[in-house]
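This report looks at the surroundings of a ligand and at the pockets of the protein. Please keep the sequence and the structure in view while reading.

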Amino acid sequence: MKKVTLLDIKRMKQEGRKIVMITAYDYPFAKIFDPIVEIILVGDSLGTVLYGYDTTLPVTMEDMIRHTKAAEAGRERSFLVSDMPFMSFQVSPSAAVENACRLVKEGGAEAVKLEGGVSVFETIVKMTSFDIPVMGHVGLTPQSIHRMGGYRIQGKEKEARSKIIEDARAVEEAGAFSIVLEGIPAELASEITKELSIPTIGIGAGSGCDGQVLVMHDILGLLPDFKPKFVKRYAELAPLVEQAVREFAEEVRKGDFPGTEHTFYLTEN
Ligand code: KIV
């Protein structure tokens, strides 16, 4: 199995091949996704989908390192990107570089992702000068939830569209190898994708991007109450999991589990 590198990801845009990215936060899922996708993202979405927080804001560097390490253990071929959590890169470019280095050194990430455009220009320049590949993230940036007034589509008004374009240009100019476009109209995402030479990876940004990303829990139906328009469910795992655990509980209560085939005996070889 040939390892996916940053060069492969850049080349895929030039060759018009779509890039597939999915989130994973632990060993078993990273192992399942690894042969299928180009990029595994340990997103700070782990705050909402694993820890049940309302936002991604409480996620810490320790959380990100722990889950990056776990995903790294299951990953052999795909390219591993880890998210910079809130307050790990906003304070100063030097602190951001230190934290990015921790995700690479302690977590095993091959690149980091951070939210923002013009405001993180210097930070991306500094990270790339230390050879840390950076993925940008503009449009609906969940760490800016309080400024945005909720998770709402960005770039609907002309001025907001110009700002997102300016942010995307800044991310490319600063040296990022790729950029996530989240929660913006399809026309705007296509325009940015045509203009930039780095690959765009969309989520809720239409089909014109160079690749697509979704959160694994959304694709797999693990949190059935959450179903925004941009998500397609490829499986409904929550009821299957529930049924399996119900059967286990019922068999334990009836005394049917463990059976003889699941039991060790003194007389066994
Ligand atoms: O945190 C995350 O999972 C993300 C993706 C949804 C792009 O940033």
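## Ligand shell

By class, how many nonpolar, polar and charged residues does the shell around the ligand have? In this predicted model, the shell has three nonpolar, four polar and three charged residues. The residues that surround the ligand are Thr 23, Leu 41, Gly 43, Asp 44, Ser 45, Asp 83, Lys 113, His 137, Ile 203 and Val 215.

## Polar contacts and burial

Oxygen atoms of the ligand lie 2.9 Å from an N or O atom in the side chain of Lys 113, 3.0 Å from a polar side-chain atom of Asp 44, and 3.1 Å from an N or O atom in the side chain of Asp 83. The protein buries 95% of the 260 Å² that the ligand exposes when taken alone.

## The largest pocket

The ligand takes up the space of the largest pocket, whose volume is about 690 Å³. Its lining consists of 32 residues, and those nearest the centre are Pro 142, Glu 182, Val 215, Phe 226 and Phe 230. The elements that each give two or more residues to this lining are β1 (19-23), α3 (46-49), β6 (178-182) and β8 (211-214). By class, the lining has 16 nonpolar, eight polar and eight charged residues.

## The second largest pocket

The second largest pocket has a volume of about 500 Å³, and of the 26 residues that line it, Gly 116, Thr 141, Ser 144, Arg 147 and Asp 167 are the closest to its centre. Two or more lining residues come from each of β5 (134-139) and α8 (158-174), with α8 giving the largest share, five residues. The lining of this second largest pocket has nine nonpolar, twelve polar and five charged residues.

Note on methods: Residues numbered from 1 in each chain as written. Predicted model: local features only at pLDDT ≥ 70, side-chain atom pairs only at ≥ 80, totals over all residues. Heavy atoms only, no water. Near = heavy atom within 4 Å. Polar contact = N/O pair within 3.5 Å; in protein donor to acceptor, adjacent residues only side chain to side chain. Areas by Shrake-Rupley, 256 points an atom, 1.4 Å probe, with all protein chains shown as cover. 1 Å grid on protein atoms, 1.4 Å probe; cavity = no way out; pocket = protein on both sides within 12 Å on 5 of 7 lines; lining within 4 Å. Sits in = over half its atoms within 2 Å of the grid points. Nonpolar A, V, L, I, M, F, W, Y, C, P; charged D, E, K, R; others polar. Points joined across faces, edges and corners; volume = space filled by probe spheres on them. Helix = DSSP H or I, 4+ residues; strand = E, 2+ residues; numbered from the N terminus.
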